[in-house]
Amino acid sequence: MVGYAFFQAEKVFSTAPHDASIAYKYVSVIFTATGGGILVPIFINGLPVPLANDYIILALGVAFVIHHYCPVIREVYKISPIFKTLIIVLFETFRCSVVFKLTTTAAAKITPSITSFPLFGPIMCGAIGGCGGAFLPLNKGLDPIKGGLGSPMFTALVGATVLHLYLSTSLSEGCENAAAKARVHMAAYFIFVNICNTFGCNAPQKK
């Protein structure tokens with residue numbers, strides 16, 4: 001959780017105005033890190049994560065203190081492939097747990113309409129759960145997707161879609177611990193994509 005908070009706080013400190021107040025940066029960190037956990041529970045009549053889970057606020061507080069009072073650690077993170085890889089693994093593992101929990105919780109709460117299981121609702125909740133911080137505060141509107149889906153948005157959407165369809169259909173029948181195995185595969189997918197994006201492992205563009 002602290003690794004997840006550290007990754008999110010680094011994005012805020014890298015993009016926030018230099019003269020921004022401490023309150024602005026800390027609230028921005030909370031919104032960025034828990035945006036999906038705020039929006040999705042509201043959609044399904046639940047309690048937003050920052051209100052329900054004190055651990056995440058403590059983790060965000062630790063990450064904020066590290067970035068604000070020990071900026072040298074952030075500089076080490078930027079230049080150290082090993083440190084950066086470690087934080088990515090921790091971040092994506094926790095993000096996977098968020099997408100998994102919100103997708104399965106929504107699937108249990110939403111009443112089916114067309115099929116024997118709710119189809120689009122859980123997928124939307126899981127996708128937003130994995131990238132909802134991009135839309136907070138809400139005055140951003142749809143600007144975060146004006147140029148297309150960012151990598152976290154796309155991976156969250158793919159992960160939630162595959163997870164939900166796999167667990168809700170006959171695809172998972174006969175598989176022991178299907179939910180746990182699906183969660184591991186989704187975490188590996190998230191980690192792989194983030195590492196490729198971070199270290200420039202994409203195929204070169206044709207000239």
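1. Let's start where two helices meet. In α2, the residues Ile22, Lys25, Tyr26, Val29, Ile30, Ala33 and Thr34 touch Ile56, Ile57, Leu60, Gly61, Phe64, His68 and Tyr69 of α4 (contact means heavy atoms within 4.5 Å; helices are DSSP runs of H or I with at least four residues, numbered from the N terminus). The residues of this contact split into 10 nonpolar, 3 polar and 1 charged (Ala, Val, Leu, Ile, Met, Phe, Trp, Tyr, Cys and Pro count as nonpolar, Asp, Glu, Lys and Arg as charged, and the others, Gly among them, as polar).

2. A word on the model before going on. It is a predicted one, where local features need pLDDT of at least 70 and side-chain atom pairs count only at pLDDT 80 or more, while totals for chains, interfaces and linings use all residues. Residues are numbered from 1 along each chain as its sequence is written, and side-chain values use heavy atoms, leaving out hydrogens and water.

3. How do these helices cross? The axes of α2 (residues 22-43) and α4 (residues 54-69) come within 10 Å, at an angle of roughly 130° (axes are lines fitted to C-alpha atoms over the stretch in contact, with angles from 0 to 180 degrees between N-to-C directions). The two are therefore oblique to each other (under 35 degrees is roughly parallel, over 145 roughly antiparallel, 65 to 115 roughly perpendicular, and the rest oblique).

4. Now for the aromatic rings: there are 9 aromatic pairs (rings of Phe, Tyr and Trp, the last by its six-membered ring, pair if their centres lie within 6.5 Å; planes under 30 degrees apart are stacked, over 60 edge-to-face, the rest tilted). One of them is the tilted pair of Phe6 and Phe83, with 5.7 Å centre to centre and 45° between the planes. This pair links distant parts of the chain, as Phe6 in α1 (residues 2-15) and Phe83 in α6 (residues 81-109) are 77 residues apart. Phe6 is buried at 5% relative accessibility, and Phe83 is partly exposed at 23% (buried means under 20% relative accessible area, exposed over 50%, partly exposed in between, with a 1.4 Å probe and protein chains only).

5. Do look at Tyr4, Phe7, Phe91 and Phe94 too, which form one aromatic cluster.

6. Finally, two loop residues. Most residues other than glycine have a negative phi. Asn45, however, has a positive phi near 60°; Asn45 sits in the loop between α2 and α3 (49-52) and is exposed at 71%. Asn177 has a positive phi of about 50°, lies between α8 (151-168) and α9 (178-198), and is exposed at 59%.
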